[in-house]
There are 2 protein chains.
Amino acid sequence: MKLICSKSELLKSVNITLKAVPSKTTMPILECILIDASTNEIKFTANDMELGIETKVNGTIEEKGIVALDARIFSEIVRKLPDSDVIIKTDDKLNTTISCEKAKFTIPGKDGEDFAYLPIIEKNDCVEISQFTLKETIRQTIFSIAANENNKLMTGELFEIKNNIMKIISLDGHRIAIRKIELRESYSDKKVVVPGKTLNEISKILSGEMEDMVQIFFTENHIVFEFDDTVVVSRLIEGEYFKIDQMLSSDYETKVMINKKEFLNCIDRATLLVKEGDKKPIIIDIQDGNMQLKINSQIGSMDEDIDIEKEGKDILIGFNPKFLMDALKVIDDETISIYLVNAKAPCFIKDDMENYIYLILPVNFNAAR
Amino acid sequence: MKLICSKSELLKSVNITLKAVPSKTTMPILECILIDASTNEIKFTANDMELGIETKVNGTIEEKGIVALDARIFSEIVRKLPDSDVIIKTDDKLNTTISCEKAKFTIPGKDGEDFAYLPIIEKNDCVEISQFTLKETIRQTIFSIAANENNKLMTGELFEIKNNIMKIISLDGHRIAIRKIELRESYSDKKVVVPGKTLNEISKILSGEMEDMVQIFFTENHIVFEFDDTVVVSRLIEGEYFKIDQMLSSDYETKVMINKKEFLNCIDRATLLVKEGDKKPIIIDIQDGNMQLKINSQIGSMDEDIDIEKEGKDILIGFNPKFLMDALKVIDDETISIYLVNAKAPCFIKDDMENYIYLILPVNFNAAR
């Protein structure tokens with residue numbers, strides 16, 4: 001095999017495929033990027049058996065061939081080469097030389113035959129949204145998936161399509177995040193759970209531009225994202241996702257309108273009195289026109305007032321400050337509405353159109369004190 | 001005590017004094033910043049018994065007093081306050097409230113009497129240089145002090161003044177870094193060893209501007225740096241520093257002139273084949289007009305040619321690549337001169353005026369392979 005590609009094109013393609021290289025694995029071949037120039041185009045592939053990424057690379061094939069190279073070493077070499085044309089060449093023992101200007105690296109390659117190719121997916125109807133929307137929606141929901149694997153379904157996000165609406169939902173037992181995307185067309189009903197890891201990795205390689213599109217294909221066991229020169233294939237998480245509709249009652253006793261930034265900064269200040277790992281709640285005292293935030297810890301105490309508009313009853317309620325902050329950070333509105341029932345019922349932060357809904361369970365602060 | 005200071009002024013002063021707060025200590029009072037408003041000015045002090053920093057704070061004293069506050073908590077509170085006037089107030093039990101706009105923090109304070117004040121230093125003749133020069137010179141030498149304390153003297157830098165020249169020297173047994181600063185006046189001879197930690201911390205708070213000056217005072221056991229509104233006092237390291245003059249012979253068999261950036265980038269590329277902790281040397285083959293760099297490791301191999309100008313004999317020599325890179329990174333010259341004797345003798349990188357000299361011991365690469 002002999003290829004010529006520019007350093008910048010190589011670097012781009014390596015960085016994309018690197019996202020599907022597992023950091024730990026018992027199968028050394030998975031630590032490789034497959035360089036496939038056996039046809040008329042150059043493709044890089046990586047695959048950790050859950051998530052696979054394939055991307056086309058612009059360049060010249062002088063001699064067809066295929067080789068798998070250790071992803072970390074290959075990427076570091078490419079990164080440090082001068083900004084010029086790079087020649088990648090393998091001999092019959094798969095020893096691979098990577099040369100650029102006067103620098104010449106030689107590293108051992110592995111047989112491409114041993115590589116775990118991406119599954120072949122039958123692509124039926126596809127949903128198209130902008131890369132901006134997908135990237136944003138992931139950012140706005142991914143924080144409320146569960147970190148540990150006790151409940152596998154909680155480590156993923158529900159992608160649900162009904163008519164021309166796509167809903168993306170994540171939850172971890174203490175909170176729920178819901179974002180609604182209006183689609184340009186109507187689609188048949190779909191309901192799949194996508195691993196959080198896939199979404200984290202894909203959001204790193206999406207351009208985030210409004211005008212760049214991504215096509216999403218759904219199959220029984222996989223979801224496929226196609227965009228630019230890249231295909232991302234991910235296994236789905238099996239099982240029936242949680243029924244959350246009965247939790248989303250629209251009854252409330254208290255409605256608060258508050259400046260988002262003031263509220264966020266105030267909670268941020270309060271949490272510096274909480275040592276890491278300590279589960280100290282902040283206590284919110286809502287009265288007409290005023291919200292008082294209070295926190296008390298071994299380190300010290302803090303209180304602060306914020307102007308609000310309020311409808312309904314006064315209420316005293318405690319929250320895990322991190323959960324409030326996570327939601328507030330991803331809401332773009334200047335003023336937000338919070339809906340409360342009582343000190344033991346979840347609060348809702350949502351807009352009038354319910355394009356976003358963040359549900360957060362309160363903390364029993366009498367017990368926690 | 002009651003003070004009013006702007007948040008920005010507080011933040012600046014806290015960040016300066018924080019550099020002398022030890023991260024670990026058995027004396028809790030040392031983890032504090034002393035706020036002293038017992039006279040007509042506000043001063044913040046921190047002191048880890050080796051290094052002490054005192055800085056003046058602009059603000060209004062409404063009620064004189066003195067208190068020591070936990071440095072980490074106090075700094076975090078200040079950092080997260082709104083950008084406005086801050087009131088610091090202590091009650092008779094030294095409980096301290098820090099309020100700004102509607103936010104109010106209360107934290108316990110400690111008795112200022114328990115604080116370890118800075119030693120009172122008799123200031124005799126002072127050496128004045130620009131903050132830029134001091135900051136740069138520290139950066140250009142600090143990397144070659146020894147990290148471990150086996151030989152205390154190696155953890156510091158020699159400051160030597162003779163007539164109107166200040167020499168700053170660091171060494172760790174494998175290499176020596178020397179920088180010469182020309183002073184505007186002549187001074188009496190001085191020779192002290194300043195702890196590396198002091199120099200690291202002070203370089204973080206120096207402005208680095210050409211027009212800002214720093215005054216340096218020398219006493220038997222201390223060195224004092226005065227600049228802006230800040231005084232830094234550091235203990236010296238006791239003992240006789242190493243005699244290095246006999247190592248600085250100016251004889252050589254080979255002189256190489258090379259583009260610094262090309263040389264540095266080439267070594268940087270080569271080192272990616274070296275696993276951390278592995279002591280693989282790079283091998284340099286110097287011939288007329290050409291230097292070839294080679295490295296061979298379990299990961300792979302690399303070689304690269306660089307155009308050079310050469311005087312004298314051909315030579316094949318091995319080096320720890322990190323030592324070469326550390327020196328090359330802090331030299332500003334586009335083209336550098338390297339002086340060599342044989343494969344077992346140190347090499348010198350230095351300019352014609354000897355404003356900088358970097359000595360690096362070679363590695364016996366036959367043994368190391």
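Guide: What follows is a conversation about a predicted model, with the reasoning behind each term.

Visitor: What makes up the secondary structure of chain A, and how far does chain A extend?

Guide: Chain A contains seven helices and 24 strands. Its C-alpha trace spans about 80 × 50 × 35 Å along the principal axes. Of the 369 residues in chain A, 53% are buried. Among contacts in chain A between residues at least 6 apart in sequence, 68% join residues at least 24 apart.

Visitor: Which domains does the UniProt record place in chain A?

Guide: An unreviewed UniProt entry gives "domain: DNA polymerase III beta sliding clamp N-terminal" for residues 1–118 of chain A. Over that span the chain is 19% helix and 44% strand, with end C-alpha atoms 22 Å apart. The UniProt annotation, again from an unreviewed entry, also places "domain: DNA polymerase III beta sliding clamp central" at residues 129–241 of chain A. There the composition is 17% helix and 50% strand, and the end C-alpha atoms lie 23 Å apart.

Visitor: Why are strand 7 and strand 8 of chain A said to pair?

Guide: Pairing requires at least two bridges between two strands. Four bridges join strand 7 (residues 85–90) to strand 8 (residues 95–100) of chain A, so the two strands pair, and they run antiparallel. T90(A) stands opposite T96(A) in strand 8. The two strands form a hairpin with four residues between them, and L94(A) in the turn has a positive phi of about 70°.

Visitor: How do you know that strand 8 of chain A also pairs with strand 9 of chain A?

Guide: The criterion is again at least two bridges. Six bridges join strand 8 to strand 9 (residues 103–108) of chain A, so these antiparallel strands pair as well. Here T96(A) stands opposite I107(A). This hairpin has two residues between its strands, and E101(A) in the turn has a positive phi of about 50°.

Visitor: What is the strand order of the open sheet of seven strands in chain A, and which are its edge strands?

Guide: The order is 11-12-24-23-22-16-20, with antiparallel pairing. Strand 11 (156–171) and strand 20 (309–312) of chain A are the edge strands, as each pairs on one side only. The twist averages 20° from one strand to the next. Within this sheet, five bridges join strand 12 (residues 175–195) to strand 24 (residues 356–360) of chain A. R179(A) has Y356(A) in strand 24 as its bridge partner.

Visitor: Which helices of chain A lie against these strands?

Guide: Helix 6 (residues 321–329) of chain A packs on the sheet, touching strand 12, strand 22 (335–340), strand 23 (347–350) and strand 24; its direction makes about 175° with that of strand 24. Helix 4 (residues 196–205) of chain A lies across strand 11 and strand 12, running at about 70° to strand 12.

Visitor: How do you know that the length of helix 5 of chain B agrees with expectation?

Guide: Helix 5 of chain B (residues 260–271) has 12 residues, which should span 16 Å at 1.5 Å a residue; its end C-alpha atoms are 17 Å apart, and therefore the two values agree.

Visitor: What makes N259(B) a cap for helix 5 of chain B, and which residues of the helix are buried?

Guide: A side-chain oxygen of N259(B) lies 3.0 Å from the backbone nitrogen of K261(B), at the N-terminal end of the helix. The cut-off for a polar contact is 3.5 Å, so this distance qualifies. The buried residues of helix 5 include F263(B), L264(B), C266(B) and I267(B).

Terms used:
Residues are numbered from 1 along each chain as its sequence is written. Chains are lettered from A and ligands numbered from 1 in the order in which they are written. Side-chain values use heavy atoms; hydrogens and water are left out. UniProt positions are given in the numbering used here, feature names are shortened, and annotations may be inferred rather than shown by experiment. The expected span of a helix is 1.5 Å times one less than its number of residues. Buried means under 20% relative accessible area, exposed over 50%, partly exposed in between (1.4 Å probe, protein chains only). A polar contact is a pair of N or O atoms within 3.5 Å; within protein, one must be able to donate a hydrogen and the other to accept it, and residues adjacent in sequence count only if both atoms are side-chain atoms. Axes are lines fitted to C-alpha atoms, for helices over the stretch in contact, and angles run from 0 to 180 degrees between N-to-C directions. Contact means heavy atoms within 4.5 Å.
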